[in-house]
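Try each task yourself before you read the solution.

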Amino acid sequence: MEIFVLGCAGSGKSTFVKNFSEYLREKGYSVDCVNLDPASEPIYKASKDIRQFVKTEQVMEEYRLGINGALIKSVEIAANYADRLKCSGEFVLYDTPGQLELFIYSLAGRRFVEELSSTFSMSIFLVDSTLITDPEGFLSAVMQNAVVSLRLNLPSLTVFTKSDVSEVNVSVLLNELKEREGVLAELMEKVVDFIELTTIPYRPIKISNLKKTGYDDLFSAVNELFCSCGDIS
């Protein structure tokens with residue numbers, strides 16, 4: 001099973017890859033971790049590392065680009081080496097670039113997915129719980145998950161990280177959403193129907209990379225996503 005780990009900067013992608021891979025190995029599975037971020041050294045033992053082929057700091061120097069231009073250029077170059085990053089573990093965790101838009105809103109990201117995915121591929125979209133402080137923030141996270149699924153054409157699970165610091169109460173947020181007034185409220189009311197098509201209101205998946213909690217629930221959800229007899233709700 002190939003799992004593409006996505007999320008905004010600071011959501012805990014690399015730490016999650018490190019900890020969840022250890023969790024899976026303790027269960028007896030063979031696991032490969034792959035770094036797809038040309039700008040960052042992996043904090044885990046990587047089976048494959050895109051920085052073997054391209055490094056953002058070298059792209060900055062060679063093409064005389066600023067950091068943003070170099071990030072975009074290095075991901076574009078990195079996509080040419082996607083076929084060299086395939087692994088054969090029972091679980092393969094792909095740690096995507098720190099900036100979500102580099103992977104989602106580029107042809108390079110889709111090329112990575114096309115080259116590396118199979119029938120049993122999915123994405124895990126990590127959401128920083130500390131940023132979900134109101135209904136608007138909650139809906140933004142839901143819609144970002146929709147974009148991830150549509151852009152990459154992969155089934156996706158939304159996972160709230162940093163649950164040891166901040167607790168996301170979905171039912172409270174939905175109730176607050178219904179009480180909003182004005183044009184924004186009308187827009188959110190139309191969007192909220194989408195939430196019913198996701199896993200969030202039925203089974204919010206909350207983890208803490210610091211305390212290494214919530215992984216059992218996530219592991220069950222990952223397996224149910226591809227089990228015809230399972231029900232994610």
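**Exercise 1. Find the strands that pair with strand 1, and state the sense of each pairing.**

Step 1. Strand 1 and strand 4 (residues 91-95) run parallel and are joined by four bridges. Helices (H or I, at least four residues) and strands (E, at least two) are DSSP runs, numbered from the N terminus, and two strands pair if DSSP finds at least two bridges between them. In strand 4, tyrosine 94 stands opposite phenylalanine 4.

Step 2. Strand 5 (residues 121-128) also pairs with strand 1 in the parallel sense, over six bridges. Here serine 121 is the bridge partner of glutamate 2.

A note before you go on: this is a predicted model, where local features need pLDDT of at least 70 and side-chain atom pairs count only at pLDDT 80 or more, while totals for chains, interfaces and linings use all residues. Residues are numbered from 1 along each chain as its sequence is written, and side-chain values use heavy atoms, with hydrogens and water left out.

**Exercise 2. Decide whether each face of strand 1 is buried or exposed.**

Step 1. Recall that side chains in a regular strand alternate between the two faces of the sheet.

Step 2. Glu2, Phe4 and Leu6 lie on one side and Ile3, Val5 and Gly7 on the other.

Step 3. Apply the cut-offs: buried means under 20% relative accessible area, exposed over 50%, partly exposed in between (1.4 Å probe, protein chains only). Both faces are covered, and six of the six residues in strand 1 (residues 2-7) are buried.

**Exercise 3. Describe how helix 2 packs on helix 3.**

Step 1. Helix 2 (residues 56-63) and helix 3 (residues 67-78) have axes 8 Å apart, at an angle of about 110 degrees. Axes are lines fitted to C-alpha atoms, for helices over the stretch in contact, and angles run from 0 to 180 degrees between N-to-C directions.

Step 2. The two helices are therefore roughly perpendicular (65 to 115 degrees).

Step 3. Residues in contact (heavy atoms within 4.5 Å) include Met60 of helix 2 and Leu71 of helix 3.

Terms used:
Angles under 35 degrees count as roughly parallel, over 145 as roughly antiparallel, 65 to 115 as roughly perpendicular and the rest as oblique.
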